[in-house]
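Please read the points with the structure in view.

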Amino acid sequence: MATIRQVGGRPAVDYLARDYESLLLSMRALVPDRLQQWKDFADEADLGNVLLELFAHMGDILSYYQDRVANESFLSTARTRRSVIDHLRLIGYELGTGAPAAAVLSVSVPGTVEDTVTLSRGDAFATRSRGDRPSLRFEYTRQAPLTIDFGAIRPDRHTLRKVFVGVPVEEGRLISEEHLGTSDGTANQLFPLAHPRLIRRPQAAGDLLIQTRLGGSTEQWTARDTLAFSQADQHDYVVEIDAEDRATVLFGDGLLGRVPPAGAAVLATYRVGGGLVGNVAVGEIDTIVAAPQLDGLGAKISNPEPAGGGAEREDIEHAVRHAPAVFRSLGRAVTVGDYKALALRFKGVAKVRAVPTGWNRVTLCVAPEGGGKVSDVLEEGLLGYLEDKRMINQIVEVVDVDYVPIYVSAKIGVESSYADAEVLERVRRAAADLLAFEHVDFAQPLYLSRFYEEIQNTAGVLYVSIAEFRRGDPRAPGGKATDTIESFGKIELGPNEIPVIPSDPAYATGINVETAERERP
């Protein structure tokens, strides 16, 4: 009978569990009943032994294939991204693409500048390239141009420069009017995009703009989740993204969605990029790439706040865990569970807590990918995504998470056969892992015993004494050591609070740790 066992932390179907050794032993056990004169298996060169080993080898391969087919036949046990994509398409769930990081730039020009400049979609800025990381491109992505009147801004009396703060940008690159091919007038035509890593968010108009052009006439097409409800004359299309993050545009067959006219050129405008790499630190976006109207004014740009919201493409574990909840919500946000499930599907959102704050109001406490505050771009996108899913009288608002720094200080004894620096580094990694963003959640209590356990189990640690375990601001000078341990060795957090590593340099690795002096003989 088939059994389910854990492989790599995930369930896997084990139908036969027949490997080479077990098959060979089984066949040899049958030999005395079938061939009584064959009793010696010691000679490996014997033709019978060679045949048995070949049969066992082929049986091992066939058993492996059988188990793989069985595993890929079920969503909960599928191992490949391709299989998960196919399973989830049956319930109308598409795996999310990578989300671009967002930032707000400040632009400074000399105090004598009186010009008015306009930023348009595609104007680009970038970080500087480094030895371990290439330059990252950030673009102004709004459909409406942004006008900056430097004549209305007073120069700073110290720097003698005029500063405008408020240029929203997103990581990625705009691909404009890419020629995908020419329609031949047949049904169900497929046109792959040339560039992988499409940034696609259903709520963002213009993320993927498909047009057909025939002669001097241009027609615009509308993206749909499915063509099942499209009429024969509707300009609809769907996008399918494969396991290698390559997108393909699919048109209708003349019954479900219109067929592009023969000879029409198919054009696509879209953006590519996304990922955690875009979550850059303060001041890293400092280069003007494609905004000549600023270059001519001697402008300098910077990001006064870190970029945030960048996320990798949705992994299969996340999809398997959240797709059933999204399916049960039927794409509609009614209960707080629906809001949470749908918000977690929105790329760039890492953690969310949905709370009813009135008879017709729902508040979403959101933590973006990588932590930090919710950017204006992420908030606008999330609210837009929920707009057609909420009840008509429901008001949705997005608020930031309350991040609570956790201060931990410890003194450890190091075994004589270990180097102090190596042990200290292991202890810091262990403490940082306990407070890592991906390992904590809302209102999750922290226990002093867990820090003792992880540190004491670190190789090279002889003993550990934790003198500080608390939340909040750094202890004021002169404070008592007894005030630095939370009552009962437990730190309680509020409903909207998430623990984080403090920004204080002494605790930047998750713990302030030092070694005790070694005892000398």
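1. The lining of the largest cavity consists, by class, of six nonpolar, four polar and three charged residues. Here Ala, Val, Leu, Ile, Met, Phe, Trp, Tyr, Cys and Pro count as nonpolar, Asp, Glu, Lys and Arg as charged, and the others, Gly among them, as polar.

2. The model is predicted: local features need pLDDT of at least 70, side-chain atom pairs count only at pLDDT 80 or more, and totals for chains, interfaces and linings use all residues. Residues are numbered from 1 along each chain as its sequence is written, and side-chain values use heavy atoms, with hydrogens and water left out.

3. On a 1 Å grid over the protein atoms alone, a cavity is a set of points where a 1.4 Å probe fits but cannot get out; a pocket is an open set with protein on both sides within 12 Å along at least five of seven lines; lining residues have an atom within 4 Å of a point. Points are joined across faces, edges and corners, and a volume is the space filled by probe spheres set on them.

4. The whole structure has two cavities of 30 Å³ or more. The largest holds about 80 Å³. Its lining has 13 residues, and Pro100, Arg201, Gly309, Val377 and Leu378 are the closest to its centre.

5. The second largest cavity holds about 60 Å³. Among its lining residues are Arg81, Glu94, Asp242 and Asp245. Its lining has three nonpolar, two polar and four charged residues.

6. The second largest pocket has a volume of about 560 Å³. Of its 23 lining residues, His318, Arg321, Val349, Ala350 and Glu369 are the closest to its centre.
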